[in-house]
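Here is a short report on one model. Please look over the sequence and the fold before reading on.

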Amino acid sequence: MRRDVPRKNKGGLIALSRIKNIDKEALIKQLEKGYKEMSEINLELAQMCLEADNESLSLCEEKLTECE
């Protein structure tokens with residue numbers, strides 16, 4: 001009994017092996033673009049959080065100085 005239905009939980013390699021070469025290249029380019037966009041978003045979020053952490057640290061240090 002032969003199954004033509006792709007097996008689940010085998011990752012993207014099986015899916016990619018069933019796509020035409022032209023479609024593979026387009027998919028890879030779209031994935032690269034998406035990962036680059038997400039990296040920019042993650043960098044922005046990390047910078048915002050670092051700034052917030054630094055502000056919190058400054059505020060805590062200021063309050064501690066007042067207590068001395």
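Is glutamate 37 buried, partly exposed or exposed? Glutamate 37 is partly exposed, at 41% relative accessibility. Buried means under 20% relative accessible area, exposed over 50%, and partly exposed in between (1.4 Å probe, protein chains only).

This is a predicted model, in which local features need pLDDT of at least 70 and side-chain atom pairs count only at pLDDT 80 or more, while totals for chains, interfaces and linings use all residues. Residues are numbered from 1 along each chain as its sequence is written, and side-chain values use heavy atoms, with hydrogens and water left out.

**Fold and surface.** The protein chain has two helices and zero strands. Helices (H or I, at least four residues) and strands (E, at least two) are DSSP runs, numbered from the N terminus. Of the chain's 68 residues, 0% count as buried. The chain exposes about 6,900 Å², with 57% supplied by carbon and sulfur atoms. Areas come from the Shrake-Rupley method with a 1.4 Å probe; for residues, only the protein chains shown count as cover.

**Salt bridge.** The whole structure holds one salt bridge. Lysine 33 pairs with glutamate 37, with the closest N and O atoms 4.0 Å apart. The term means a side-chain nitrogen of Lys or Arg within 4 Å of a carboxyl oxygen of Asp or Glu. The two residues are about one helical turn apart, because they lie four residues apart in helix H2.

**Nonpolar patch.** Met38, Ile41, Leu45 and Met48 make a nonpolar surface patch of about 380 Å². Patch residues have over 30% relative accessible area and no salt bridge; nonpolar side chains (Val, Leu, Ile, Met, Phe, Trp, Tyr) are joined within 5 Å, like charges within 9 Å. Isoleucine 41 lies in helix H2 (residues 21–67).

**Cysteines.** The structure has zero disulfides (pairs of cysteine sulfur atoms within 2.5 Å).

| Residue | Relative accessible area | Class |
|---|---|---|
| Lysine 33 | 55% | exposed |
| Isoleucine 41 | 42% | partly exposed |
| Cysteine 49 | 49% | partly exposed |
| Cysteine 67 | 67% | exposed |
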